[in-house]
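Please look over the structure below, and then read the short report that follows, which takes it part by part.

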Amino acid sequence: MAETLGIYVHIPYCLKKCSYCDFVSFPKDGDLDLSPDEYAYRVCREIEDTSGDIKDGYTVDTVYFGGGTPSCIGTDMIGRILLCLKKTFKISRDAEISIEINPETVTVEKAENLRFLGFNRVSMGVQSLNDEILSKLGRVHNSEKALEAYRILRNAGFRNINLDLMFGVPGQTLGIWKDTLEKIIELGPEHISFYSLQIEEGTPFYEEYRNGDLEIPSWKENREMYSCALEMLKSAGYVHYEISNASKPGFECRHNYKYWTMKPYLGFGTSAHSYIYDKRFFNTGELEYTRVFEESEDEEQELLDRMGDFVFTELRLIEGIDTVQFRELFGRSFEDVFGKILVSENMLPYLEIRRSGSGDIERLALSRKGLDNTNPVMQRFIETLYE
Ligand code: SF4
């Protein structure tokens, strides 16, 4: 049976740039090297040039259009790229086909067109249902528009909707965050993502923060917001399956799951990454991008890098790292490589170790304390590889 493959398509246009955003995205009406129409043709050419081995050897079971704001360009261009994918690859009948959208771009016509084209999952960037917070973030929409967009999507027949939320935002209190969570839970989307704001270099927020003009909630408040989300989502029947993601049972994002479990995927468009045949490659971040293959001369170094990627991605899952898969991929036992960490008194409170009847480690996950300290814990794993 053919192996399965995920496909990512990056659409790098937005109506305007948000204050915190460091994604590869450009204001749609700015002075651009390529119009969305020209860009769509370029992406199609890239798709058509995919090697025969990949076309014949894999069945695509997830497609994800991300950005940017894919919904801010015409559905004719989105449709052209999707049709090109369908002509080039075998796409399974029950494939998850997702698109990221933002509330300000949702109209009845657009939602119906997207359904008609074959999209069966949408991920909408709501971030907050508090208008002051939305304005601080530099978002184009307000809470009323977000609620209206949600209704339009439901009426258009979408039965698998993710809503993206953000916490740890300037001016946000625990009360404001709870209020947004309550309203979102009441809407009942199938999936909710909840990310802590990151201050990224090169963004307006970064400049304000550096100049002391941006006050964000303290780490303690940030962690209270995270705990509050976990509790509220759990009591509403959502399953917390990844550090920042929860879904109703059976509605985990199948595409993102591929990233977290090192399954093959191909990315098209500017800045898109790919992982296939145990190799990683990526496209550069301009509109007229090129593909870059990272060739390592040093096999040992490459193996260590791949092990690091494995830990970094799988540890994000609440079920944790599959140590059997680790051995299959790298030919060494997890305990062999990371034994030092597994007996470290300092590290044990951050980890949850599940053993088989014979005492072997089957799974290694972050404990609740580990979830609050993901970056230093992951950092420690990576350091161990190179000690
Ligand atoms: S809508 Fe998303 S991709 Fe576009 S600028 Fe805002 S955060 Fe960035």
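This is a predicted model: local features need pLDDT of at least 70, side-chain atom pairs count only at pLDDT 80 or more; totals for chains, interfaces and linings use all residues.

## The ligand and its surroundings

Which residues are found around the ligand? They are C14, K17, C18, C21, F23, S25, G67, G68, T69, N102 and G125, and by class this shell has 4 nonpolar, 6 polar and 1 charged residues.

G67 and G68, which both belong to the residues around the ligand, are joined by a peptide bond that is cis, with omega near 20°. G68 has its place in the loop between β4 and α3.

## Parallel strands

Strand β4 (residues 58-67) and strand β5 (residues 90-101) run parallel and are joined by 6 bridges; within this pairing, V60 has I91 in β5 as its bridge partner.

In general, strands of a sheet pair through backbone hydrogen bonds, either parallel or antiparallel.

## An antiparallel sheet

An open sheet of 3 strands has the order β15-β17-β16, and its pairing is antiparallel. Why do β15 (321-322) and β16 (351-355) each have one side left without a neighbour in the sheet? Both stand at the edges, and because each has a single partner strand, one side of each is left without a neighbour there.

β15 pairs with strand β17 (residues 361-366) over 2 bridges, and the bridge partner of I321 in β17 is L364. β16 and β17 pair over 5 bridges in the antiparallel sense, with R354 standing opposite R363 in β17. β16 and β17 also form a hairpin with 5 residues between them, and in the turn G359 has a positive phi of about 95°.

Q127 is found in strand β6 and has a positive phi of about 70°, although it is not a glycine. Is Q127 buried or exposed? Q127 counts as buried because 26 other C-beta atoms lie within 10 Å, and a residue is called buried from 20 or more such atoms.

D278, which is found in the loop between β12 (273-276) and β13 (279-283), has a positive phi of about 60° and is not a glycine either. D278 is exposed, because it has 11 other C-beta atoms within 10 Å, and the cut-off for exposed is 12 or fewer. F293, whose place is in strand β14 (residues 291-293), is exposed as well, with 9 other C-beta atoms within 10 Å. From C-alpha to C-alpha, F293 and I199 are 29 Å apart in space, and they are 94 residues apart in sequence.

Notes. Residues are numbered from 1 along each chain as its sequence is written. A residue is near a molecule or strand if its C-beta atom, placed from the backbone, lies within 6 Å of it. Ala, Val, Leu, Ile, Met, Phe, Trp, Tyr, Cys and Pro count as nonpolar, Asp, Glu, Lys and Arg as charged, and the others, Gly among them, as polar. Two strands pair if DSSP finds at least two bridges between them. Helices (H or I, at least four residues) and strands (E, at least two) are DSSP runs, numbered from the N terminus.
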